[in-house]
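Work through the exercises below with the model open. Each one gives a task, then a solution in steps.

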Amino acid sequence: MENFKFLNNLPKVELHAHLNGSLNIAAMLELGEKVYGKKSAEFTDLCERLTKFEPGCILDECFKRFAFVHDLTSTKEGLRYATELVIRDFAVDHVMYLELRTTPKSNKNMTRREYVQIVLDAIKEARQKFSNIRVKLLLSINRAEPVAVADETVTLALEFFKSEPDIVVGMDLSGNPNKGEFKAFTSALHRAGEGGLRLTLHCAEVNNPKETKEMLEFGMSRCGHGTHLSAEDIAYLRNHDIPVECCLTSNIKTGTVSSFVDHHLKRLMEAEAPTVLCTDDCGIFDTTLTKEFCVASQSLGMTDHQCIDLTMQAIKYSFATEADRSWMIQQVNKYAKGLENTAFL
Ligand SMILES: CNc1ncnc2c1ncn2[C@@H]1O[C@H](COP(=O)(O)O)[C@@H](O)[C@H]1O
Ligand SMILES: [Zn+2]
């Protein structure tokens, strides 16, 4: 792939990455060994089997995979170290800005509040180790969980948004789209929005026109996946300047899109709807943001210039501060200039 080097070294922006879905196999093995002393052949085999998606795999099957990673991150040290490893591996892939999202969980080792604090502390510690990446945090509501849990998550998000405004920047609604009902979460999401948190919703990941309509009417800053958006929905997103977070490999491996060439990213670009390229769960789906750009360029004919433009769009639609944005634009322009091209602005 002649432009792999160009795409790999391009300073990139990741706006849709779930923490526990982003731990890749190598990192799982490191975590297993360091935290649980596990280096056994069966542990290695378990990690490898996690990312095997037979053709025809369905979305529900994918959700079972997360439980394995959730076990690995169910201790304070496991969660802290996993956060560090995920940030490291995005930095290694030349991601300069990462909006990490995660669903606060409570178990025998930690409360939801402690879960958030541990991830936040790991993000701060990572600043010392990986100075070339800026990391923000969104808290996720899992639509398969009770509304009371969503309410607790919003309360935590608002509290940490107040105390750590340069890290906690938004809320995500995710979880198995075949479970729960969007309507049940609107008051919690409304409270989050009223409190200043930007919202990104997993929307139209499966074909549910009624719910998609409810979500578009409710409002969001960004749309996750948007796989089953109608032409009217796409026009609505374009007219309201709401970008779709496109996760190519995720959609193929979960079976929500049949092939890369059929991916709706192309339709969205033809309709001039704003789009950003994301990984979703680069661990579980065994990919990286560089690889997603390679897929976009190989299967959808995306030129290098269009890849830079996608990055500029990601900067524009990020929940970053103005200072972060100008720093990111500077990085991309410096990179582009270094390639003897004119600045892309
Ligand atoms: C594949 N498409 C998807 N659609 C919807 N929700 C998804 C997802 N991929 C991941 N998640 C959500 O993110 C959680 C894992 O990260 P955290 O434990 O939060 O860090 C999953 O349990 C699921 O709720
Ligand atoms: Zn997602």
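**Exercise 1. The largest pocket**

What volume does the largest pocket have? Find also the residues and elements that line the largest pocket.

Solution. 
- Step 1. Note the kind of model: it is predicted.
- Step 2. Take the volume. The largest pocket holds about 520 Å³.
- Step 3. Go to its centre. The lining has 31 residues, and Phe-63, Phe-66, His-70, Asn-142 and Gly-175 are the closest to the centre.
- Step 4. Assign the lining to elements. H4, strand S2 (95-102) and strand S3 (134-142) each contribute at least two residues. H4 has the largest share, with seven residues.
- Step 5. Sort by class. The lining of the largest pocket holds eight nonpolar, 15 polar and eight charged residues.

**Exercise 2. The ligand**

Which space does ligand 1 take? Describe the shell around ligand 1 and its polar contacts.

Solution. 
- Step 1. Ligand 1 takes the space of the largest pocket.
- Step 2. List the neighbours. The shell counts residues with a heavy atom within 4 Å. Ligand 1 is surrounded by 20 residues, and the closest are His-70, Thr-102, Thr-103, Lys-105 and Asp-281.
- Step 3. Find the main element. Helix H4 (residues 59-72) supplies three residues, the largest share of this shell.
- Step 4. Sort the shell by class. Four residues are nonpolar, twelve are polar and four are charged.
- Step 5. Check the polar side chains. The cut-off for a polar contact is 3.5 Å between N or O atoms. His-18 puts a polar side-chain atom 3.1 Å from an oxygen atom of ligand 1. For Asn-20, the distance from a polar side-chain atom to an oxygen atom of ligand 1 is 2.9 Å. For His-70, the corresponding distance to an oxygen atom of ligand 1 is 2.7 Å.

**Exercise 3. The cavity**

How many cavities of 30 Å³ or more does a search of the whole structure find? Describe the lining of the largest cavity.

Solution. 
- Step 1. Count. The search finds one cavity of 30 Å³ or more.
- Step 2. Take the volume. The largest cavity has about 50 Å³.
- Step 3. Read the lining. It includes Arg-143, Pro-177, His-202, Cys-203, Ala-204 and Glu-205. Val-206, Asn-208, Glu-211, Thr-212 and Met-215 also line the largest cavity.
- Step 4. Assign elements. Strand S5 (198-203) and helix H9 (209-218) each supply at least two residues. H9 gives the most, with three.
- Step 5. Sort by class. The lining of the largest cavity has five nonpolar, three polar and three charged residues.

How values were computed
Residues numbered from 1 in each chain as written. Chains lettered and ligands numbered in written order. Predicted model: local features only at pLDDT ≥ 70, side-chain atom pairs only at ≥ 80, totals over all residues. Heavy atoms only, no water. Polar contact = N/O pair within 3.5 Å; in protein donor to acceptor, adjacent residues only side chain to side chain. 1 Å grid on protein atoms, 1.4 Å probe; cavity = no way out; pocket = protein on both sides within 12 Å on 5 of 7 lines; lining within 4 Å. Sits in = over half its atoms within 2 Å of the grid points. Helix = DSSP H or I, 4+ residues; strand = E, 2+ residues; numbered from the N terminus. Nonpolar A, V, L, I, M, F, W, Y, C, P; charged D, E, K, R; others polar. Points joined across faces, edges and corners; volume = space filled by probe spheres on them.
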